[in-house]
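Student: I have a new model open and want to learn to read it. Please take me through it feature by feature.

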There are 2 protein chains.
Amino acid sequence: MTTLADDLTLQTFITEDLTSFVGTQRGRLSHLGPEIGDFIDVAAEFVAGGKRLRPAFCYAGWCAGGGDPQDRRIAWAAASFEWLQASALVHDDLMDGSDTRRGKPSIHRRFEARHRDSGLQGDAGQFGMGAAILLGDLLLSWADEMFHTSGFDQAAIARAFPYLDACKTEVVVGQFLDVVGQTKAETTVADAMRIVRFKSAKYTVERPLHVGAALAGAAPETIASLTEFGLPLGEAFQLRDDILGVFGDPVVTGKPAGDDVREGKRTVLIARTYELADADGRALLQRGLGNADHIGELSALIRDSGALDAVEQQIAGLEAETEAALQGITDEAARDRLYGLMLKSTRRSR
Amino acid sequence: MTTLADDLTLQTFITEDLTSFVGTQRGRLSHLGPEIGDFIDVAAEFVAGGKRLRPAFCYAGWCAGGGDPQDRRIAWAAASFEWLQASALVHDDLMDGSDTRRGKPSIHRRFEARHRDSGLQGDAGQFGMGAAILLGDLLLSWADEMFHTSGFDQAAIARAFPYLDACKTEVVVGQFLDVVGQTKAETTVADAMRIVRFKSAKYTVERPLHVGAALAGAAPETIASLTEFGLPLGEAFQLRDDILGVFGDPVVTGKPAGDDVREGKRTVLIARTYELADADGRALLQRGLGNADHIGELSALIRDSGALDAVEQQIAGLEAETEAALQGITDEAARDRLYGLMLKSTRRSR
């Protein structure tokens, strides 16, 4: 039997719902001209490659909160997180000057290339930037629209709004802390962890869980348990991301090797390396961050300083914390689902 | 007696509500560090200088739709449009490379200057861009949050959502058409008017009217009348803006003289000039648009070609259309209010 509770079915429904939502937007807007049809196609294509992680947490929150696992509306509501994430990625790549995303040119680079290839008037870089800013804005609006057109009654939507609002605010604030962090000469592990908490743990795990649980009308204790589960898991998720950002296989991650190093990101992994390295190591770190030529040397330093092991240990500790928090979830099926998501988030290769 | 129906009182309440909303956000977020408190201060300061035009239309729509003019909740809901507009302006200035807004440095320039003045690490321009993108994203989220926390019951909010969603989508699509328009060698009056319709007429006038009316539970005929009134008025509003963008007094507009010319904007005024100018004039236009050195010459061309008069006539025609549409509004007080807004929008100097 096809059931929503089956991971693959959930993914299929989410993809179907995103496609259906885009179809409605296309019907409404594409008469405005080929440029708009094209703009919408880019959005649709971009979201096709997502990992659907936030929707999976939203669905898990719904189940933990006592929602009917077969309720088709939750897939639609959960899918809206993919637009939020797509919006954040499009803007993030522009801010970071990233050339690729999900194995393809990033959105601003794609529009920049089109401008150049077509010999259009004006500056290609500015055109790429404008298109990426606007596409990100559009996707942020689509996230809201898709969420509140999920078919849930207004009382359920109203229960979930505070968590969704918090999610949207926290991710921006976390990213701003990140941008500010990159302007400082040094980043402590504590600073880097604060960014991880907002930019990732709350945004990727805790809030999607809360939104799903609130839609289901979860008890306050369930919401609290989901925080205890979600925050350490979200932190572990981001620490894994940091490791993949340096040591991940480009074919699997869709990002060039050492991309975080090249961009000069002040991750926990980098902060820990700074903490553990000797004077020579620190000098190399300050010289090499944000510089594509030093990726090999820096990777070696991160490993040899013991920072990689330290972060792996931190992930293991957070995993243990996450697992312990699962005891707060009473429904057995919901608990199994959360456990599965935990493994997927912290032991992944992309 | 102090009544909401009084323009100045509405403005005061809107400012109060925006301040109160910011206070809540500050309470929730500023413990994250001085950078975040500062980020929020910039948002609060930015929105302090708005004309409150979209809230005024939202309130007028509420009255036209049969809402109680004294209902305090409508000021709060209407105020949310100021965040939407602030978000659009912050992103717009970044895309256009504008240095000033409302008589002060634009947001990206402000953060860029801070970076430079404090001797921070990394590229100042990239920091300014990142801060402006994120602030715009935050304000877009605040628009939603403020709107749905207005205290209206969920049924009213649900009635208004489709209009608010349309508003948010249309402004982005209109801006994208604008960005695309600037990459073409020529812009026809028809192309420019299409952009005006989406970027301004729907976004600034029609949709705020609809949102207010829908909150009040307006009849479909009222919604239709507000479209008939709002679209020509919104078009006239933007045409006035185009004229002020070239001929406006910088002290009053808060923008340098000829800013639109310097930025190479393809406004209806410019498209009309192209249509009416002779070969020499067209050559000057192609040479001078986007170039600060030719502002004087281009202003003269716009005037001497007859384009300025033609656009003034177009505004007068749209005003007549708008006035005729007022007959569809049955409530006399609401009609008077809409008439007042019409005059304010089309005969302003800023």
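Predicted model: local features only at pLDDT ≥ 70, side-chain atom pairs only at ≥ 80, totals over all residues.

Tutor: Start with the naming of elements. Helices (H or I, at least four residues) and strands (E, at least two) are DSSP runs, numbered from the N terminus. Residues are numbered from 1 along each chain as its sequence is written, chains are lettered from A and ligands numbered from 1 in the order in which they are written, and side-chain values use heavy atoms, with hydrogens and water left out.

Student: What is the phi of A:Arg52?

Tutor: First the general idea. Most residues other than glycine have a negative phi, and most peptide bonds are trans. Now the case. A:Arg52 is not a glycine, yet its phi is positive, near 60 degrees. B:Arg52 also has a positive phi, of about 60 degrees. B:Arg52 sits in the loop between H2 and helix H3 (53–64) of chain B.

Student: Is A:Arg52 buried or exposed?

Tutor: Use the cut-offs. Buried means under 20% relative accessible area, exposed over 50%, and partly exposed in between (1.4 Å probe, protein chains only). A:Arg52 has a relative accessible area of 3%, so it is buried. B:Arg52 is at 4% relative accessibility and therefore counts as buried.

Student: Now helix packing. How do I describe two packed helices?

Tutor: With two values: the angle between their axes and the distance between the axes. Axes are lines fitted to C-alpha atoms, for helices over the stretch in contact, and angles run from 0 to 180 degrees between N-to-C directions. Take helix H2 (residues 34–48) and helix H6 (residues 124–148), both of chain B: their axes come within 11 Å and cross at roughly 70 degrees. So H2(B) is roughly perpendicular to H6(B). The classes are these: under 35 degrees is roughly parallel, over 145 roughly antiparallel, 65 to 115 roughly perpendicular, and the rest oblique.

Student: Which hand does the crossing of H2(B) and H6(B) have?

Tutor: A crossing is left-handed if the near helix is turned anticlockwise from the far one by less than a right angle, and right-handed if clockwise. H2(B) passes H6(B) in a right-handed crossing.

Student: Which residues of H2(B) and H6(B) meet?

Tutor: Contact means heavy atoms within 4.5 Å. From H2(B) come B:Phe39, B:Ile40, B:Val42 and B:Ala43. They meet B:Ala131, B:Leu134, B:Leu135, B:Leu138, B:Leu139 and B:Trp142 of H6(B). By class, this contact of H2(B) with H6(B) has 10 nonpolar, no polar and no charged residues. Ala, Val, Leu, Ile, Met, Phe, Trp, Tyr, Cys and Pro count as nonpolar, Asp, Glu, Lys and Arg as charged, and the others, Gly among them, as polar.

Student: At what angle do H1(B) and H6(B) pack?

Tutor: About 110 degrees, with the axes of H1(B) and H6(B) 12 Å apart. That makes H1(B) roughly perpendicular to H6(B). Their crossing is right-handed. H1(B) contributes B:Asp17, B:Leu18, B:Phe21, B:Val22, B:Gln25 and B:Arg28, and H6(B) contributes B:Trp142, B:Glu145 and B:Met146. The contact of H1(B) with H6(B) has five nonpolar, one polar and three charged residues.

Student: What does B:Asp17 touch, beyond residues up to four places away in sequence?

Tutor: B:Asp17 touches B:Arg72, B:Ala75, B:Trp76 and B:Met146. B:Asp17 belongs to helix H1 (residues 7–29) of chain B. At 6% relative accessibility, it counts as buried.

Student: And B:Leu18?

Tutor: B:Leu18 is also buried, with a relative accessible area of 3%. Leaving out residues up to four places away in sequence, its contacts are B:Val47, B:Arg52, B:Ala79, B:Glu82, B:Trp83 and B:Met146. The C-alpha atoms of B:Leu18 and B:Ser80 are separated by 7.8 Å, though 62 residues apart along the chain.

Student: Last, the two chains. What rotation superposes chain A on chain B?

Tutor: Copies are superposed by least squares on the C-alpha atoms of residues with pLDDT of at least 70 in both. Here the rotation is 180 degrees, with 0.0 Å of shift along its axis (RMSD 0.0 Å). The two copies are thus related as by a two-fold rotation axis. In chain A, the C-alpha nearest the axis belongs to A:Gln154, 2.8 Å from it. The copies meet through the same surface, because 100% of the interface residues of chain A are also interface residues in chain B.
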